[in-house]
Amino acid sequence: MQIVNPFFTTSNIPAEFFCDRIQESEELIREVTNGNHLLLMSPRRLGKTGLVNHCFASKPLFNNYNTFFIDIYDTSSLQELCFKMGKEVFEKTKGKSSKFLETLKSLRGEFTYDPVTMSPKFAFSFGQIHNPEHTLDEILEYLEHLRKPCLVAIDEFQQIAEYEEKNVEALLRSKIQRLTNTHFIFSGSERHLLGQMFHSPARPFYRSAGTLVLKPIERNTYVHFAEDLFSRYDKRIDPESITGLYNLMEGYTYFMQRTLNELFSATEKRALVGTTELNATLNHILDAESVGFSTILAQLTKGQRAVLAAIAMEGNVKNALSQDFLARNRLGAVSSVQAALRSLLKKQLISRTEGTYYIDDKFLELWIRRSYGKSLEESWQERNTGE
Ligand SMILES: Nc1ncnc2c1ncn2[C@@H]1O[C@H](COP(=O)(O)OP(=O)(O)OP(=O)(O)O)[C@@H](O)[C@H]1O
Ligand SMILES: [Mg+2]
């Protein structure tokens with residue numbers, strides 16, 4: 001395959017273009033091969049999904065395990081979770097798929113067959129799963145009997161707390177507890193939700209999994225990685241500018257990759273690029289996002305916009321309800337700021353980790369700053385001095 005751009009912006013990255021995560025991969029692989037379940041947490045866009053895919057594709061897991069991956073972000077019931085899991089198992093066990101369908105007794109009569117090959121198709125909707133608990137048992141039963149042990153990654157696992165049915169957490173826990181051939185990786189970014197689920201004694205999943213918290217890739221490691229990718233394709237980039245980008249994006253992998261992806265494609269062979277070109281690329285990205293970001297902001301109330309802007313301007317806000325912060329940003333009453341913070345969290349425009357509020361989307365953050373008069377170059381300066 002001809003690689004056009006070595007800076008991947010998806011979460012399925014070929015090993016040679018995957019940056020570091022050596023220790024984290026070892027830890028993940030060690031936990032699951034030791035027969036433990038694993039909870040994988042990090043802020044958004046740092047690389048959880050990428051890490052799971054990377055490990056699943058690595059020799060020790062690829063050769064010895066059946067691996068399954070489902071993202072349940074857009075599900076709202078056990079029925080949908082079952083459907084996604086059933087579909088993934090069906091697709092990943094293609095050669096044996098008739099056998100799989102035979103075990104799904106609860107769905108008998110719902111299958112259709114490809115008229116040409118007469119092989120069964122997983123062509124029904126989740127609405128046809130009438131008894132999800134039973135169907136889930138059948139899926140797990142099937143996994144338990146596969147020759148190789150199974151690993152099931154459930155991405156955005158915090159979502160089960162939002163399900164229509166109230167007991168899903170306890171129900172899943174009790175089913176998972178009984179399995180011997182199947183282990184789970186639960187991942188997600190809602191740290192307080194997942195933390196509560198797995199670390200509070202009153203909850204079903206309490207202490208049921210080892211925890212791996214993903215941090216930003218170490219700065220020098222990323223700088224070397226990016227510099228090397230340019231040079232592999234006979235292009236050159238000033239490493240200091242990558243350090244600058246890292247600081248500006250606070251190490252958030254996606255935003256660095258996306259920026260370098262564009263810069264790479266705009267760079268001629270044998271050319272040398274640096275901070276000036278990086279800033280031009282970034283301004284270009286922010287321009288392109290402009291319509292989308294304006295739409296998001298237009299849907300907020302004036303108060304919510306003001307709070308969002310204040311967080312963008314200040315970066316990580318530790319005391320969002322302090323008099324200082326309110327006065328500095330002319331935000332008005334504590335109660336209304338509190339309400340605004342709640343709705344911004346709910347809309348996932350901001351996040352909170354240990355009391356600190358911040359904007360996950362670094363492009364949005366920089367775009368708001370830019371539209372409030374703080375140029376990209378100023379933000380760059382600000383995050384690249386005083387260290
Ligand atoms: N090790 C890596 N090397 C290179 N790029 C990476 C790496 N990890 C992540 N990325 C980049 O960061 C992006 C985000 O990664 P990923 O989707 O895995 O994050 P996530 O933590 O699952 O995010 P979310 O919380 O939004 O689901 C990827 O699309 C890719 O561009
Ligand atoms: Mg993800």
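Begin with strand 1 (38–41) and strand 6: the two run parallel and are joined by four bridges. Strands pair when DSSP finds at least two bridges between them. Strands (E, at least two residues) and helices (H or I, at least four) are DSSP runs, numbered from the N terminus. The model in view is predicted, so local features need pLDDT of at least 70 and side-chain atom pairs count only at pLDDT 80 or more, while totals for chains, interfaces and linings use all residues. Residues are numbered from 1 along each chain as its sequence is written, and chains are lettered from A and ligands numbered from 1 in the order in which they are written.

Next, select Leu-40 in strand 1. Opposite this residue, in strand 6, stands Ser-187. Its bridge partner in strand 7 is Leu-212. Strand 7 also runs parallel to strand 1, and four bridges join them.

Now display the side chains of strand 1. Leu-38 and Leu-40 point one way, Leu-39 and Met-41 the other way, and all are buried. A residue is buried if 20 or more other C-beta atoms lie within 10 Å of its own, exposed if 12 or fewer, and partly exposed in between, with C-beta atoms placed from the backbone.

Move to helix 1 (residues 22–33). Its twelve residues reach 16 Å from the first C-alpha to the last, close to the 16 Å expected at 1.5 Å a residue; the expected span is 1.5 Å times one less than the number of residues. Select Glu-24, Leu-28, Glu-31 and Val-32, the buried residues of helix 1. Seen down the helix axis, these buried residues fall within an arc of 90°, so they line one face of helix 1. The arc is that of the directions from the helix axis to the C-beta atoms.

What do the buried residues of helix 1 pack against? They pack against strand 1, helix 2 (48–57), strand 5 (150–155), strand 6 (182–188) and strand 7 (210–213). Contact here requires C-beta atoms, placed from the backbone, within 7 Å. On the other side of helix 1, Ile-22 and Gln-23 are exposed. After helix 1 comes Gly-35, with a positive phi near 85°.

Finally, select two loop residues. Arg-330 lies in the loop between helix 14 (323–328) and helix 15 (334–346). Although not a glycine, Arg-330 has a positive phi of about 50°; the residue is exposed, with 8 other C-beta atoms within 10 Å. Gln-348 is in the loop between helix 15 and strand 10 (351–353). Phi of Gln-348 is likewise positive, near 60°, and with 12 C-beta neighbours inside 10 Å this residue counts as exposed.

Technical notes. Two residues are in contact if their C-beta atoms, placed from the backbone, lie within 7 Å.
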